Structures are given as structure tokens and as C-alpha cells.
Amino acid sequence: AYHIPAVIANAVAFVGPTDRFSQRHHVPITVPSSLGAEGNLTSSTNDPATLRALYNVGDALGGQASSNKQAVTAFLGQTYSADAEAAFFTKYLPEAADTPIGTVGDAITGGVTPGIEAMLDIEYMPAMGALNPTEFWGFSGSSPNDSQDEPFLTWLYTVGNTSDADVPLVFSTSYGEDETTEVPTAYSDRINIEFMKAGARGISLLFASGDSGAAAVSGTSCPNGRFAPKWPSASPYITAVGGTNG
């Protein structure tokens, strides 16, 4: 059974979904021939050409509007390599090699090798949005409550202090954690304020929905038999991107 506090009951018309989610409507898509009869991606086809075909980008290139700018974020020791970026475009998408790549933050380069996740993000964003100015925003440190979690506030304060003329209009972030076990409410509330401020400026914030679907970050189970929401992808003020499974 479900209930809501009596103090708000008169103001609520209905609550949904509860234990039943809306049915998904099937929308047929055209599967590129490179994916095979079953439409399955493999390690050999999950490249820019295949993804551009899958999302109907085709051979379109951007960079026409002066205000266009996109960015990825990087944390927890992930760094950038211009040489790796150039090698990626030489091999997979030479026509995007002239995409301007900028850097922002205090953790851009360093270490013996660049970050695998960071480079995946900064390679595939301009591969899909080729020739649009792209930036790598990298920050050191961690969240105030867990040394293993990202310093999201450092990034968001930098966004807030960047002028409308210079700030990217799209940020893509591949980081997150379990909402219920790793993110204090006061901390998430404060970050949600920054999310709202970014939205009011017309900035789109995209976050990965996670690697384990409805399970915890470990991907092994749902704690106490309940779905484990990921954060910040569960925030109502951003857009979560990715597949789901339960």
C-alpha cells in the first residue's frame, strides 16, 4: 500500500507511477547495414561511422554557429592527451580532425597515460558533433563526503563563474554513484541548486545513467530488494542518458 502525508493530501490528485510503469511504445528504426541482421553492435563496429549512421547523423558536420560549444567533464585522475585525440581522428574520422579542442580546469594533463574514460568521452563527443568547438573540463580533488567521489561542486562553481559568451551549452558527464548510500541529502540539494542555475542559463547537462541498471554500482543486486537510483542521473534537473536493465 502507498500513502502520502495528510498535510499535502488535499493538494495531490494522483501519484504515479507506483509499482507499475507505463508501457513502452515501440518505434521502429532503420538499422545500418554495418550492424548486421540482428542490429547488434560489436567491438569492431562500435566506431564513429557506425554510431553516426545509427543516430542518423550521416556525414553532417557542425561548427557553423559561433555560439555552439560542447564539453565533457573529467574527475578522479582522468586526464587529456592531444596526441591520443589526433590519433583517434586520423584512424576513425579524419574529416573531424580540425575540431577545436580546448581545456578548462586544474587537472588537464599528467600521469603516465591519459584517462581511458576521459579520452573515450572527449573523442566520441566531437566524433558525433564534428567541428563544433569542444572543451575538456578536468578537476582534481573529491567530494567533501567521500574521497572516492567526484568534486562536482568545483566543476559547477566554475560553470557558474564562466560568462554566457564562453560557457559550453552542453556538458556530458560519465560519472556518478549510488544515490541512497553515497550522497548526503544536503550535498545533493546544494548541487541541485547549481543544476537549476545552469538550466536557467540554457545549459544542457547530460549524465550517464550508470553501468548496472537498477542494481547498485557493484552491479550485483538491488539492496534490500529495491532499485538503487544513480546520482546525479536521478536528479530532476539534468538529463540522464543510457540504457537500463533490472
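1. The lining of the largest pocket comprises 18 nonpolar, 14 polar and six charged residues. In this classification Ala, Val, Leu, Ile, Met, Phe, Trp, Tyr, Cys and Pro are nonpolar, Asp, Glu, Lys and Arg are charged, and the others, Gly among them, are polar. A pocket is an open set of points on a 1 Å grid over the protein atoms alone where a 1.4 Å probe fits, with protein on both sides within 12 Å along at least five of seven lines; lining residues have an atom within 4 Å of a point.

2. The model is predicted: local features need pLDDT of at least 70, side-chain atom pairs count only at pLDDT 80 or more, and totals for chains, interfaces and linings use all residues. Residues are numbered from 1 along each chain as its sequence is written, and side-chain values use heavy atoms, with hydrogens and water left out.

3. The volume of the largest pocket is about 1,300 Å³, taken as the space filled by probe spheres set on the points, which are joined across faces, edges and corners. Of its 38 lining residues, Asp121, Ser172, Ser174, Ala208 and Val241 lie nearest the centre.

4. At least two lining residues come from each of β1 (70-74), α4 (116-128), β4 (170-173), β6 (204-208) and β7 (230-231). The most come from α4, which gives six. The protein has seven helices and eight strands in total; these are DSSP runs (helices H or I, at least four residues; strands E, at least two), numbered from the N terminus.

5. Four salt bridges are counted, each defined as a side-chain nitrogen of Lys or Arg within 4 Å of a carboxyl oxygen of Asp or Glu. One of them joins Lys69 to Glu135, with the closest N and O atoms 3.3 Å apart. This pair links distant parts of the chain, 66 residues apart: Lys69 is in the loop between α2 (48-54) and β1, and Glu135 is in strand β3 (residues 134-138). Both Lys69 and Glu135 are buried (under 20% relative accessible area; exposed is over 50%, partly exposed in between; 1.4 Å probe, protein chains only).

6. Arg201 and Asp164 form another salt bridge, at 2.7 Å between the closest N and O atoms. Arg201 counts as partly exposed because its relative accessibility is 28%, whereas Asp164, at 58%, counts as exposed.

7. In helix α7, Lys197 and Glu194 are three residues apart and therefore separated by about one helical turn. Salt bridges that share partners join Arg190, Glu194 and Lys197 into one network. The Lys197–Glu194 bridge has an N to O distance of 3.1 Å.
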